[in-house]
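Which charged side chains pair up in this protein, and where do the pairs sit? Look at the model with that in mind.

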Amino acid sequence: EAALRAARYAALERIARDCGASLVATAHCAEDQTETVLLALFRGSGLDGLAGMPPRRPLAAGIELVRPFLRFTHAELHAELHRTGLPYALDPTNAQARYRRNALRARLDDLRADFPHLDASVARCAEIVRAERAGDDRARARNDLRERLRERDLLRDVPFERIEAALDAAPDARVFLKPGVEAVNGEIDAQGGS
């Protein structure tokens, strides 16, 4: 699998150089990201593996690989291709269960029936891990808010989505974090709390 992947990227690099292109876009989608993250997890990977496929990375000197569809499902991409009439090709080896990724893919199809947001959740997790590893502004703000909640013994039972909502809130908006705890302008307001 690794040899095939290396050969595909080498071919893409050659085509980009022949065309004078500085970007190569792939159609990796949300399901691909889920498979990548889970395979890394099953190998016992560290944070780099759990960060999944980055949306952008160098392919070769002067050529960048971009993955603009990581937040879209295969079905969404397929529908758009049909709507626009854009040509596409499917790799016939995707159906061969002898490859680990393909074997995992078949099992994930069963899980998606019970966990319909599986791919979106894994993609979000990978984005968070990448942001945390990079130490970007949002990761720092998220960690700062979580630490202030922890210091006041208020972090327990605050869902991640509420932390994100507090970061996205308009100025002076009150964001419910959990019963009795709200955030306003990044400050914590706890009824009866410290």
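This report covers salt bridges in a predicted model.

## Overall count

Side chains of opposite charge can pair when their charged atoms come close. Here the count comes to 20 salt bridges.

## Arginine 56 and glutamate 64

Arginine 56 pairs with glutamate 64 in a salt bridge. Their closest N and O atoms are 3.0 Å apart. Arginine 56 is partly exposed, at 48% relative accessible area. Glutamate 64 is also partly exposed, at 26%.

## Helix 6 to helix 8

Arginine 124 and glutamate 161 form a salt bridge, 3.1 Å from N to O. This pair links distant parts of the chain. Arginine 124 is in helix 6 (residues 118–134), and glutamate 161 is in helix 8 (residues 160–168). The two residues are 37 residues apart.

Arginine 124 has 33% relative accessibility and counts as partly exposed. Glutamate 161 is partly exposed too, with 41%.

## Helix 7 to helix 8

Glutamate 164 forms a salt bridge with arginine 138. The closest N and O atoms lie 3.0 Å apart. Glutamate 164 is in helix 8 and arginine 138 is in helix 7 (residues 137–151), so the bridge ties together parts 26 residues apart in sequence.

Arginine 138 is partly exposed, at 30%.

Terms used:
Residues are numbered from 1 along each chain as its sequence is written. This is a predicted model: local features need pLDDT of at least 70, side-chain atom pairs count only at pLDDT 80 or more; totals for chains, interfaces and linings use all residues. Side-chain values use heavy atoms; hydrogens and water are left out. A salt bridge is a side-chain nitrogen of Lys or Arg within 4 Å of a carboxyl oxygen of Asp or Glu. Buried means under 20% relative accessible area, exposed over 50%, partly exposed in between (1.4 Å probe, protein chains only). Helices (H or I, at least four residues) and strands (E, at least two) are DSSP runs, numbered from the N terminus.
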